[in-house]
Amino acid sequence: MSDKTRQDMKIAVLAGGISDEREISLASGAHVVQGLEEAGYGAVELVDPADPSFLNTMSTGSFDVAFIALHGRGGEDGMTQHVLEFMGIPYTASSPLASGIAMDKDLSKLLYRRAGLPVAPSVTFGRADMPSIEEIIEVVGPQSFVKPVVNGSSYGISLVKDPSELAAAIEFAFEHGEKVMVERRVFGTECSVAAVGDGDTLRALPVVEILMPKQSEFYDLEVKYADPAEIHRIPAQLPEDVYAQVQDIACRAHEALGLYGISRTDVIVTEEGPVILETNNIPGMTPESLVPDEARHAGIAFSDLCAELVDLALERAGR
């Protein structure tokens, strides 16, 4: 751990970037800056990787840690982590390899299955190897979610309630990525839970139950950034054993993907049990996001959560 005090440290909060989720990232970054300043760090600077001067800023800025608040392409896929490792700057979030795997819904599912985690049936393809509509329906059934394999915050995702809608939904997903996943729609209670720490310190935060507004049929972009008081029920109203199972799934998913520091896993609790949807390796940190709300209900100040992630970054770097 660094001998420097927090007051002596200089932190770069990386936010903005090049993805569809740029505005959400900027909101996350602004909230993180506030949290780190409240935690007592002496110099906290928001840095946008989309700025042409980004590499010069990072190489000459004498930053002790880069706090990554980038969502989607350029952040969650490991691109920025590669740059920071080359520069020798400790950073929050997972390694480049683990980030890239977690960002890819198809690769993530392979590792979930290997770890014995429950997943919904799905079909993944590119334009060149796309199966027929009939073949897809045979695997996933008449209702499904169609999503880009690599993207986040529900960009490019469609709910298909009838097979006649499937072709258009696939085309829409291709507008947001080169590969598409069609996944069986599972019904139940939608929940989300963060895993924080590493090794012996890894633990799950309280489980959030998503209360879907009447006008919304799934957890889309509009719902994700609505007033958390209206859509987040914490703790989730689940039987005690199921609640513990959902928390265990979040930690096992975090470990199966080789993640570090923090992640957030989304789950549907069906009548047969929980089914994992996906794991976000750089979850939203806006005031409306799930993770800050979970931390608050666990009695963890957002400033303390941010400071823990900085400490983990320094620990991994051996500083």
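**Exercise 1.** In this predicted model, find the largest nonpolar core and say which residues have the most contacts inside it.

*Solution.* Start with the size: the core holds 30 residues. Now trace where the residues come from. At least two are supplied by each of β1 (10-14), α1 (22-38), β3 (65-68), β8 (189-197), α11 (290-297) and α12 (302-316). The top contributor is α12, with nine residues. Finally, check the domains: domain 1 (6-92) and domain 2 (100-118 + 186-281) each provide at least three residues of this core.

**Exercise 2.** Zoom in on F67 and list what it touches, leaving out residues up to four places away in sequence.

*Solution.* Going along the chain, you will meet I11, A12, V13 and L14, then V32 and L36, then T92, and lastly C306, L309 and V310.

**Exercise 3.** How do the axes of α1 and α12 cross, and which residues make the contact?

*Solution.* First take the geometry: the two axes come within 8 Å and cross at roughly 90 degrees. Angles of 65 to 115 degrees count as roughly perpendicular, so α1 is roughly perpendicular to α12. Then pick out the residues. From α1 come H31, V32, G35, L36 and E38, while α12 brings F302, S303, C306, A307 and V310. Last, sort them by class: the contact of α1 with α12 has six nonpolar, three polar and one charged residues.

How values were computed: Residues are numbered from 1 along each chain as its sequence is written. This is a predicted model: local features need pLDDT of at least 70, side-chain atom pairs count only at pLDDT 80 or more; totals for chains, interfaces and linings use all residues. Side-chain values use heavy atoms; hydrogens and water are left out. A nonpolar core is a set of buried Ala, Val, Leu, Ile, Met, Phe, Trp, Tyr and Cys residues joined through side-chain atoms within 4.5 Å. Buried means under 20% relative accessible area, exposed over 50%, partly exposed in between (1.4 Å probe, protein chains only). Helices (H or I, at least four residues) and strands (E, at least two) are DSSP runs, numbered from the N terminus. Domain bounds come from an automatic or database domain assignment. Contact means heavy atoms within 4.5 Å. Axes are lines fitted to C-alpha atoms, for helices over the stretch in contact, and angles run from 0 to 180 degrees between N-to-C directions. Angles under 35 degrees count as roughly parallel, over 145 as roughly antiparallel, 65 to 115 as roughly perpendicular and the rest as oblique. Ala, Val, Leu, Ile, Met, Phe, Trp, Tyr, Cys and Pro count as nonpolar, Asp, Glu, Lys and Arg as charged, and the others, Gly among them, as polar.
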